[in-house]
Every structure is written in structure tokens, then in C-alpha cells.
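Reader: I am new to this structure and would like to learn how to read it. Could you take me through a few features, one at a time?

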Amino acid sequence: DPSLTEVCRKEERILVTLDLDFADIRAYPPRESPGFIVFRVQQQDKQHLIQVMQRVIPLVAKEPLAQRLWVVEETRIRIRGSEAD
């Protein structure tokens, strides 16, 4: 995980993952990364993930991703990380 986050940081890429470890802001502070989108869903099959992602896409244009942690669930999206965190 640390080597993956380092690659994302160097290449300025948002990490989209099902790995809940990346939702730990103590281990992976959002302010030190280009951003994380962590899917915390009950089903991880392709069709279900596409349905959940379709609800996320409209928010990408409205909410910043940089230096943020987005935790995406079936019924809500929590966004953490800012200058205040």
C-alpha cells in the first residue's frame, strides 16, 4: 500500500480502490495525496460497482478530489480532508 500511494503521489493520480485500508486517514492522510476514492460496498461484482460509480461521477465535477478521501457506500458518500483536517 505505501508503494502504491507513492506512485500515485508522484504521478498525481487519484487512487480508486475497494481496499478499506486506504480509508484510514492516520495511515494515509488525504492532505498528503492526490486523493482517494474508497468503495465500501456490500457487493463487489462488476454490475453493482458500475451502478454505484454512476452516482459518483456527477459529483466529480462539483467536489474537489485533490487531497480528499471519498468513502463511497451504496447510500452515501463521505468526503474527508481539507485544510481544517
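Author: Gladly! Let us begin with burial: buried means under 20% relative accessible area, exposed over 50%, and partly exposed in between, with a 1.4 Å probe and protein chains only. Thr 17 counts as buried because its relative accessibility is 13%. A word on the source: this is a predicted model, where local features need pLDDT of at least 70, side-chain atom pairs count only at pLDDT 80 or more, and totals for chains, interfaces and linings use all residues. Residues are numbered from 1 along each chain as its sequence is written, and side-chain values use heavy atoms, with hydrogens and water left out.

Reader: Where is Thr 17 found, and what is Thr 17 in contact with, leaving aside its neighbours within four places in sequence?

Author: Strands (E, at least two residues) and helices (H or I, at least four) are DSSP runs, numbered from the N terminus. Thr 17 belongs to strand β1, residues 15-17. Contact means heavy atoms within 4.5 Å. Apart from neighbours within four places in sequence, Thr 17 is in contact with Phe 22, Ile 37, Val 38 and Phe 39.

Reader: How do I read the pairing of strands?

Author: Two strands pair if DSSP finds at least two bridges between them. Here β2 (residues 36-39) and β3 run parallel, joined by 4 bridges, and Val 38 has Val 71 in β3 as its bridge partner. Between β2 and β3 the chain passes through helix α2 (residues 46-60), a β-α-β crossover that is left-handed.

Reader: Which strand is joined to β3 in an antiparallel way?

Author: That is β4 (residues 77-80), again with 4 bridges. The two strands β3 and β4 form a hairpin with 4 residues between them, and Val 72 has Ile 77 as its bridge partner in β4.

Reader: And how are aromatic rings described?

Author: A pair of aromatic rings is described by the distance of the centres and the angle of the planes. Rings of Phe, Tyr and Trp (its six-membered ring) pair if their centres lie within 6.5 Å; planes under 30 degrees apart are stacked, over 60 edge-to-face, and the rest tilted. The count comes to 3 aromatic pairs. Phe 22 and Tyr 28 form a tilted one, 4.8 Å centre to centre with 40 degrees between the planes. Ring pairs link Phe 22, Tyr 28 and Phe 36 into a cluster.

Note on methods:
A crossover is right-handed if, with the strands pointing away from the viewer, the path from the first strand over the helix to the second runs clockwise.
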